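Subject: Structure handover

Hello,

Here is the structure for your files. My notes on it follow below.

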Amino acid sequence: MSDFASPGEYGLADLLCCAAAHEVQDNEIVFAGTGLPMVAIMLAQQTHAPNLKLIFEAGTLDGRPPEIPTSVGDARCEMGASRASGLYDAFSIAQRGYVDLGFLGGAEVDQYGNVNTTCIGDYLDPELRLTGSGGNPDINSFASRTVFIMVHEKRRFVEKVSYITSPGWRVKKWPGGEFVHRRELYGAAYRGGPSAIISTLGVFRFDEEDGHMYLDTCHPGSTPAQIQEQCQFDLDVSRVKGETAVPTREELRLIHDVLDPDEIFIPKAKK
Amino acid sequence: MSKSKRITVQQAAEIIKDGSSLTFSGFTIWRRPFAVVFELIRQQRRNLHLIEVNGGPQTEFLVGAGCVDIWESCWVGHELYGKYGANLSRKVAEKQILVEDYSHAEMMFRFAAAAAGAPYAATQTSLGTDIHNPAYDTLGQAGRRDGKRIAKHKYLFTEDPFFDGGQLVQVPAVKVDVALLCVQQVGEEGTVRVSGQYYSDPEAARAADITIAVAEEIVPEEYLRRHADQNTIPSFEVDYIVECPFGAHPTGMFGRYDVDGAFLKNFYNGTRTQEGFDAFAQEWIHGLDHTGYLEKLGWPRMLKLRANTAMNYSPREKKGGN
């Protein structure tokens, strides 16, 4: 029996981290970005997925850092690694089809899982220029599954993102820009697409055929109606399974005592 | 013996002319050649064309100082010490800079193509995104595609002609005048040994017409050649070498020193406005040389950042830059 934590013993970041860790399966090759995804993957490694292989975009292959690196370029990434290399290797491995799962973030997402990390407003005259793509489109192009971790706000779950930085299930076919299923565009490189979004309100998945997002579980304290209210598009809530699993006490111990004791990425719940 | 490749930080900056295209070693907040970047700002270099696999604080400093005309890359920020590139964002909004967006893998493959002497790379990454939106070809719309230093097209589409694998995007090789590297060790003849992840340094060095290696230490070439399997870049790809301890500060260097998170946080928080940037530059760049900069930083701070040689990072520097 799992020893689930009681409300008050865990915070929202703990819930997101554990939900993300549960997306990982043992023996998978996982591409990890900086921050909460890194903690989630290392949590999975310490619990149900001891044989997962970790790849950092900056060039560390199969690393086993005993403490959380501050970014994928960090010296801590290399501890226990199979190989310290570079970006050409990391992206070639992804394009070659080795990557089972990638974890990503985004500023905006649409109902097809297209994600924007480039700008808010008109691209040619933006209200705000963001970081840019980074490896987001590359991981999302090549991994069999990708999981996004996002803050949930109505302005972020939009009908149409300002700029498609990273491809979802229905993507633009250039030069015309009409939306087609990604299978049609990716050909031999097609392996899958966004598999889940873990937002601050719930967990969302995608129908691989029609490409639409649907609500899978609500985090404790949220209802499907409240979550629909925070989306600009019609959200399919017909398949809701119930509540997102809350962290176990053992997961909380690992997060706060072992993985992120300095609370760099995951603050402790306020007592 | 060929003539010495040794030059100073000032001379390294003088090699990079107004209008040059320039790239850097490192990854986001790691191993960026800051001593020379600061010197470029002191020398008031203008109209630089930065072509980067990814950007970082060095981009933000040069952009903030008005040195950059075109920025071609995929990402800029300071990792957990500053969530986006505030200076680039400001200059984009004010239309003072041209930005050409590619994806990270596309930029990497463009460098790899240049390093192999090939005109372009073919890939299936980023299909279906606005990176390939023809209306967003910034350099084309600005009339800058001369087919010499800037490719005639941002990208082209093709169908896999060999195995019918579907659509491909062809992205042009980069044309880089100067690659500025910051590494742990370089030999007197130019052999570079990078410790830790080497990011995209080998491709950057080979792609550029001129490669300058700024190193924590210049070591006897013979020492490096005893274990050639540990070396990263061959001697003849490096044109100039500079010895410059702590040359990557405020970014980090594997095995030598950590990222100075507090410094980057300060920079990010203080330079959202041009006035803020100018004040920061006045305090930390102008009127100093590299030694003066390190003196201002102070040895207690440098010792705190210094890496433990067994762990390759500093166990004293609290993660998060507080």
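The contact (heavy atoms within 4.5 Å) takes 62 residues from chain B and 61 residues from chain A. This is a predicted model, in which local features need pLDDT of at least 70 and side-chain atom pairs count only at pLDDT 80 or more, while totals for chains, interfaces and linings use all residues. Residues are numbered from 1 along each chain as its sequence is written, chains are lettered from A and ligands numbered from 1 in the order in which they are written, and side-chain values use heavy atoms, with hydrogens and water left out.

The interface

About 5000 Å² is buried between chain B and chain A, and carbon and sulfur atoms give 56% of that area. Buried area here is the accessible area (1.4 Å probe) that two parts lose on being put together, summed over both. There are 4 salt bridges between chain B and chain A; a salt bridge is a side-chain nitrogen of Lys or Arg within 4 Å of a carboxyl oxygen of Asp or Glu. D101(B) and R129(A) form a salt bridge through their side chains, at 2.8 Å from N to O.

Across the interface of chain B and chain A, 37 residue pairs are in polar contact, both at pLDDT 80 or more. A polar contact is a pair of N or O atoms within 3.5 Å; within protein, one must be able to donate a hydrogen and the other to accept it, and residues adjacent in sequence count only if both atoms are side-chain atoms. On the side of chain B that touches chain A, the elements giving two or more residues are α4 (86-93), β4 (98-101), α5 (104-115) and α6 (138-141) of chain B. Of these, α5(B) gives the most, with 6 residues. Helices (H or I, at least four residues) and strands (E, at least two) are DSSP runs, numbered from the N terminus. By class, that side of chain B has 28 nonpolar, 23 polar and 11 charged residues. Ala, Val, Leu, Ile, Met, Phe, Trp, Tyr, Cys and Pro count as nonpolar, Asp, Glu, Lys and Arg as charged, and the others, Gly among them, as polar.

Pockets and cavities

On a 1 Å grid over the protein atoms alone, a cavity is a set of points where a 1.4 Å probe fits but cannot get out, and a pocket is an open set with protein on both sides within 12 Å along at least five of seven lines; lining residues have an atom within 4 Å of a point. Points are joined across faces, edges and corners, and a volume is the space filled by probe spheres set on the points.

The largest pocket has a volume of about 1700 Å³. Its lining has 46 residues, with T34(A), G105(A), G106(A), T131(A) and K83(B) nearest the centre. The second largest pocket, about 370 Å³ in volume, is lined by 23 residues, and those nearest its centre are P119(B), A151(B), P172(B), A173(B) and K175(B).

The whole structure has 4 cavities of 30 Å³ or more. The largest cavity has a volume of about 70 Å³, and among its 14 lining residues E72(B), R110(B), R149(B), I150(B) and A151(B) are closest to the centre.

One residue in a loop

N231(B) sits in the loop between α8 (221-225) and β11 (240-243) of chain B. The side chain of N231(B) makes a polar contact with that of R193(B) at 2.8 Å, and reaches the backbone oxygen of L224(B) at 3.0 Å.

Regards
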